[in-house]
Amino acid sequence: PAPPLRTPAAGAVDIRPLRTLDELTACVELQRATWGDEFSDLVPASILKVSQRVGGVAAGAFDGDGRLLGFVFGLTGIERGRIVHWSDMLAVRADARDLGLGRLLKEYQRDAVRALGGTVIYWTYDPLVARNAHLNFNKLGVRVDEYVEQMYGDTDSLLHRGLGTDRFVVAWPVSRHDSDALALQSRKLSSDSSRETRAAPLVNPDLADGSVPDLELIQRARPRFLRVAIPRDIAAVQSHSLELAGRWRRSTRRAFQWALARGYAVRGVDADGAEERCYYVLTSDASRAQER
């Protein structure tokens with residue numbers, strides 16, 4: 001068996017490209033550990049290696065013993081005449097989470113893309129995963145580009161059971177100034193204890209009784225803020241009830257699609273407190289215009 005993980009200090013973590021066959025193979029194994037042994041959409045060692053020759057990023061976070069703790073992988077291309085990057089995978093070992101490694105890997109990726117002349121990094125994530133929502137909005141400073149139903153279809157990963165693969169496509173500015181400003185704004189908004197923010201209308205059903213708010217009434221009022229609830233731990237919901245997990249998916253899908261179609265933008269995630277739910281905070285176009 002592998003020796004127990006030693007919690008690394010920030011300076012003891014080495015973020016660098018995956019180079020050797022052992023490192024590339026360890027990355028493939030981490031993919032299996034993250035998405036399941038039956039997951040068929042793995043990125044093989046050969047692609048992890050050759051993608052780096054043409055602007056791709058395949059980097060790992062290593063502890064002092066050279067053990068792979070996490071990795072990030074993405075591809076660089078051209079979109080409407082500008083250099084952009086698509087971040088395809090990010091994973092951290094289960095026993096190395098909550099150490100800030102995801103953020104370190106993303107910042108390494110951003111620096112690499114900036115050196116290539118890139119302007120923006122795109123990726124997808126499941127809006128129901130509160131941990132990733134907090135990282136993306138409150139730490140990194142992303143914006144939502146679109147909501148896509150069944151982005152990857154039905155997969156054989158255990159992570160997707162009962163949920164499908166609905167995803168936010170998010171955009172992260174390569175400019176550190178721009179992304180830091182978005183992250184600061186998200187943290188401020190999500191931690192705002194004003195009555196207006198915390199009392200903002202909830203636009204997805206109360207899953208305790210299945211009730212649905214009157215969205216027409218909300219639309220006529222055009223409030224400055226809206227909220228969308230998600231479970232604090234969707235994996236625990238899946239383990240308890242796939243039927244309930246599916247209800248969460250349907251309720252949040254309807255809420256996000258409804259709000260985005262009416263000009264609202266996701267601006268932060270309120271993940272504080274000990275509630276079993278977290279809340280996305282959305283703002284209207286009118287409020288964005290005032291902030292500018």
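Helices (H or I, at least four residues) and strands (E, at least two) are DSSP runs, numbered from the N terminus. By that rule, the chain has 10 helices and 10 strands. Here is a friendly walk through some of them. The model is a predicted one, where local features need pLDDT of at least 70, side-chain atom pairs count only at pLDDT 80 or more, and totals for chains, interfaces and linings use all residues. Residues are numbered from 1 along each chain as its sequence is written, and side-chain values use heavy atoms, with hydrogens and water left out.

**The chain as a whole**

- Of the 292 residues in the chain, 47% are buried, where buried means under 20% relative accessible area, exposed means over 50%, and partly exposed lies in between (1.4 Å probe, protein chains only).
- The chain has an accessible surface of about 14,600 Å², and carbon and sulfur atoms contribute 52% of it; such areas come from the Shrake-Rupley method with a 1.4 Å probe, and for residues only the protein chains shown count as cover.
- Among the contacts in the chain with a separation of 6 or more, 68% link residues 24 or more positions apart, a contact being heavy atoms within 4.5 Å.

- Strand β3 (residues 68-79) runs antiparallel to strand β4 (residues 82-92), with 10 bridges between them; two strands pair if DSSP finds at least two bridges between them.
- One place to look at this pairing is Gly74, whose bridge partner in β4 is Ser87.
- The hairpin of β3 and β4 has 2 residues between the strands, and there Arg80 adopts a positive phi near 50°.
- β4 also pairs with strand β5 (residues 120-125), this time in the parallel sense over 3 bridges.
- Trp86 has Tyr122 as its bridge partner in β5.
- Together with helix α3 (residues 101-115), β4 and β5 form a right-handed β-α-β unit; right-handed here means that, with the strands pointing away from the viewer, the path from the first strand over the helix to the second runs clockwise.

- Asp98 sits in the loop between β4 and α3 and is exposed, at 68% relative accessible area.
- Although Asp98 is not a glycine, its phi is positive, at about 65°.
- The 15 residues of α3 reach 21 Å from first C-alpha to last, close to the 21 Å expected at 1.5 Å a residue; the expected span is 1.5 Å times one less than the number of residues.
- The buried residues of α3 are Leu101, Gly102, Leu105, Lys106, Glu107, Gln109, Arg110 and Val113.
- An α-helix has 3.6 residues a turn, so residues three or four places apart point the same way.
- Gly117 follows α3 and has a positive phi, near 90°.

- In helix α4 (residues 130-140), the buried residues are Ala130, Ala133, Leu135, Asn136, Phe137, Asn138 and Leu140.
- Ala183 belongs to helix α5 (residues 176-191) and is buried, with 2% relative accessibility.
- Leaving aside residues up to four places away in sequence, Ala183 touches Phe137, Asn138, Lys139, Leu140 and Gly141.

**A loop residue with positive phi**

- Gln150 lies in the loop between β6 (143-148) and β7 (167-173), where it is partly exposed at 31% relative accessible area.
- Gln150 is a residue other than glycine, yet its phi is positive, near 45°.

- Arg198 is part of helix α6 (residues 195-198) and is partly exposed, at 38% relative accessible area.
- The side chains of Arg198 and Asp270 are joined by a polar contact of 3.2 Å; a polar contact is a pair of N or O atoms within 3.5 Å, where within protein one must be able to donate a hydrogen and the other to accept it, and residues adjacent in sequence count only if both atoms are side-chain atoms.
- Arg198 and Tyr279 are 81 residues apart along the chain, while their C-alpha atoms are separated by 9.5 Å.
- Ser241 falls in the loop between α8 (234-240) and α9 (242-261) and counts as buried at 19% relative accessibility.
- The Ser241 side chain reaches the backbone nitrogen of Leu244 at 3.0 Å.
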